[in-house]
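Welcome! Open your viewer, get the selection tool ready, and follow along stop by stop.

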Amino acid sequence: MEYLIIKWGGKEYRIEGISGETSVLQLKQLIQEQTEVRPERQKLLNLKLNGKPPGDEILLSSLPTKNGAKIMMMGSLEKDILASLTPPSNLPYVRNDLDDTDEETAVEFRPENLAKVQHRIEKCDIQIRNAFRPGKKLLVLDIDYTLFDHRSTGETARFLMRPYLHEFLTSAFKDYDIAIWSATSLKWIKEKMRLLGCDAHTDYKLAFFMDCRHMISVHTQKYGVVEVKPLGVIWGKFPTVHQGEHHYARRPPTKLPHEPSKRP
């Protein structure tokens, strides 16, 4: 083994200078040199030994990981953790995405934005994983901060996922078809769904995945340029899907705190 690719923060880092005699801890130290994420903060989700995260003392030669493999890492910088723990002295006004304003209505129907939506409808494919069911509405969910919390101190997907995630999706599936839309690549959406055990669950099915290719940039007077997930892309692709009142699905402006649950 000569190198591995670490996927973190939307970037890829080539970690060289390793061999079969390199330990997991030494690998994490090399990762820290490039990312500044401390070894104890790193969660290497694809690095497994008998289905479990390997100990720091384990040598890479003991793992089934191949040379040049891509490893998805979760972990936060110390400065980001400190910032998240420090209460802001002056909380800004938080916009309610459910509020309708004249500006947002104008943004939704600006010709340039409608053209972007139409372009996504025509050019970006959506692969149906499980067929829509008659009479069901559609629930579209994000991944980060919604289905799992990558700032959690948990070491495995089991502890990164939101408590009762599968129970929630099972309950929602009774009345809704479920889709996943995340601002990342399709490859990593599939990998995260696999790690969370959502891709082949027996009690619910996921209709389709959408990634960053389906998003558009819009300019608003108040917020500047923002990346949004226009639900109109879904309506254009699948006219029979229930059309709700709001044209853009956005990540919530606040992130709910979450501690990893202790499951038996």
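Before the first click, one term: pLDDT is the predictor's confidence in each residue, from 0 to 100. You need it here because this is a predicted model.

**Stop 1: colour by confidence**

Colour the chain by pLDDT; its mean is 81, and 78% of the residues reach 70 or more. Now select residues 100-104, where pLDDT stays under 50. For this stretch the model has seven contacts beyond four places in sequence. Next, pick residues 243-264, another run that stays under 50 in pLDDT, for which the model has 60 such contacts. Which element of the chain has the highest mean pLDDT, and which the lowest? The highest belongs to β7, at 96, and the lowest to β10, at 44.

**Stop 2**

Together you have an open sheet of three strands in the order β5-β6-β7, with parallel pairing. On average, neighbouring strands here are turned by 25 degrees against each other, direction ignored. A word on what holds such an arrangement: strands of a sheet pair through backbone hydrogen bonds, either parallel or antiparallel.

Click Leu 138 and look for its bridge partner in β6: that is Asp 177.

Now bring in the helices. Residues 165-173 make up helix α6, which lies across β5 and β6 and runs at about 130 degrees to β6. Residues 186-196 are helix α7, which packs on the sheet and touches β6 and β7. The direction of α7 makes about 140 degrees with that of β7.

**Stop 3**

Select residues 70-74, strand β4. Why is this strand described as largely enclosed by the rest of the structure? Because four of its five residues are buried. Then show residues 3-8, strand β1, which runs parallel to β4 and is joined to it by three bridges. Here Lys 7 stands opposite Met 72 of β4.

**Stop 4: a cluster of rings**

Show the side chains of Phe 132, Phe 208 and Phe 238, which form one aromatic cluster. The structure holds four aromatic pairs. One of them is Phe 132 with Phe 238, an edge-to-face pair with 5.1 Å from centre to centre and 70 degrees between the planes. This pair links distant parts of the chain: Phe 132 is in the loop between α4 and β5, Phe 238 is in the loop between α8 and β10, and they are 106 residues apart.

Are these two residues buried or partly exposed? Phe 132 is partly exposed, with a relative accessible area of 28%, while Phe 238 counts as buried at 15%. Turn next to Phe 208 and Phe 238: their ring centres are 5.6 Å apart and their planes are at 35 degrees, so this pair is tilted. Phe 208 sits in strand β7, 30 residues from Phe 238, and Phe 208 is buried too.

**Stop 5: charges over rings**

Finish with two arginines. Select Arg 14, which lies over the face of Tyr 3, at 3.7 Å from the ring centre. Then select Arg 133, whose charged end sits over the ring of Phe 173, 3.7 Å from its centre.

Definitions and conventions: Residues are numbered from 1 along each chain as its sequence is written. This is a predicted model: local features need pLDDT of at least 70, side-chain atom pairs count only at pLDDT 80 or more; totals for chains, interfaces and linings use all residues. Side-chain values use heavy atoms; hydrogens and water are left out. Two strands pair if DSSP finds at least two bridges between them. Helices (H or I, at least four residues) and strands (E, at least two) are DSSP runs, numbered from the N terminus. Axes are lines fitted to C-alpha atoms, for helices over the stretch in contact, and angles run from 0 to 180 degrees between N-to-C directions. Contact means heavy atoms within 4.5 Å. Buried means under 20% relative accessible area, exposed over 50%, partly exposed in between (1.4 Å probe, protein chains only). Rings of Phe, Tyr and Trp (its six-membered ring) pair if their centres lie within 6.5 Å; planes under 30 degrees apart count as stacked, over 60 as edge-to-face and the rest as tilted. A charge sits over a ring if NZ of Lys or CZ of Arg is within 6 Å of the ring centre and within 35 degrees of the ring normal.
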